[in-house]
Amino acid sequence: MMKNKPLCRFPTIPSVNASTILLLFSLMLGSSTVVFAKDLYDYLDLTWGEDRCKILNNGELLTVTLDEISGSGFQSKNEYLYANIEMQIKLVSGNSAGTVTAFYLSSKGNYHDEIDFEFLGNETGQPYTLHTNVFCQGKGNREMQFRLWFDPTADFHTYSIHWTPKHIVFSVDGIAIREFENMEEEGVPYPNSQPMKVYSSLWNADDWATRGGLVKTDWSEAPFNAYFKNFNEEDACVWSHGASSCRSDSRYSPSSNNAWLWDKLDYGAEGNMKWVQRKYMVYNYCTDIDRFPEGLPKECYLFKNPKY
């Protein structure tokens, strides 16, 4: 996300009832919204998988590979306590069933916080499932899943996590698809005390990822490859030596470089998010009554979660 720009910069439609074609056109254009061409060596460390994880093209492209022996992954050099993080990703093409490409923020330890994008592969010709989740103090179970409105293997698309003291916003090509608000005052845990790094990996999860594990990885299709570029941490509170790089008074200084910490979704962005959820969301934990026989999580009654 561009520096010092509020979340209301997300593409908006004149009204929720506007033409589907207009919205899809704006979504398709989103794949070219990021123009940063930074040297990935400056921001990322290759952490596992040996030479299956590589930075190429003078630092402009990163590839992760999965084969029968191992997957691979990387992490950010910096640690953050609140950030706008985004990256352009092109997912595994062809028969990707059983594979998972992950891009997420996470702290360390048994009671870790985590904010997840996970892309669940599928059989050739079938759509990917975009799996999102939020962990607080080691507890997740806050899944929302979507079908993407484009082929994520044909080109790069931008996936963003906007994490502030007010809320977490997941977005795809600049379109908010999910918001997790800070309702800590209402007794809902929120990740706001543990610094997190960015992690990404490509790994085999055919015990659960594709149709609940019914479809297994076809290793004759290996190696599987996913591609990353244009990592962006322009707006970020970098955590170092127990302190944040963001000014503590930024809430009261709208003109400061940290004013993004207090942005909120405007009416147009909320309308787009609800439209995407109605059209493309395939699972919402806040509607899964059978999963929570003792009652849905408290936030399901407080958040602006769709009930369809």
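The points below are grouped by topic.

This is a predicted model, in which local features need pLDDT of at least 70, side-chain atom pairs count only at pLDDT 80 or more, and totals for chains, interfaces and linings use all residues. Residues are numbered from 1 along each chain as its sequence is written, and side-chain values use heavy atoms, with hydrogens and water left out.

**Aromatic pairs**

- Rings of Phe, Tyr and Trp (its six-membered ring) pair if their centres lie within 6.5 Å; planes under 30 degrees apart count as stacked, over 60 as edge-to-face and the rest as tilted.
- The count by this rule is 13 aromatic pairs.
- One of them joins Phe-117 and Tyr-159 edge-to-face, with 6.0 Å from centre to centre and 70° between the planes.
- This pair links distant parts of the chain, 42 residues apart: Phe-117 is in strand β7 (residues 114-120) and Tyr-159 in strand β10 (residues 157-163); strands (E, at least two residues) are DSSP runs, numbered from the N terminus.
- Phe-117 has 0% relative accessibility and counts as buried, a term that means under 20% relative accessible area, whereas exposed means over 50% and partly exposed lies in between (1.4 Å probe, protein chains only).
- Tyr-159 is also buried, at 0%.
- The pair of Phe-180 and Tyr-190 is stacked, because the ring centres are 6.3 Å apart and the planes are at 15°.
- Phe-180 lies in strand β12 (residues 175-181) and Tyr-190 in the loop between β12 and β13 (197-204), so the pair ties together parts that are 10 residues apart in sequence.
- Phe-117, Phe-119, Tyr-159 and Phe-170 form one aromatic cluster.

- The charged end of Lys-229 sits over the ring of Phe-156, 4.3 Å from its centre; the rule requires NZ of Lys or CZ of Arg within 6 Å of the ring centre and within 35 degrees of the ring normal.
- Lys-90 has its charged end over the ring of Tyr-227, 5.5 Å from the centre.
- Gln-88, in strand β5 (residues 79-90), is buried at 3% relative accessibility.

**Backbone**

- Most residues other than glycine have a negative phi, and most peptide bonds are trans.
- Ala-222 and Pro-223 are joined by a cis peptide bond, with omega about 0°.
- Glu-50 has a positive phi, near 55°, and is exposed at 68%.
- His-241 has a phi near 55°, a positive value, and is exposed at 83% relative accessibility.

Key: Helices (H or I, at least four residues) and strands (E, at least two) are DSSP runs, numbered from the N terminus.
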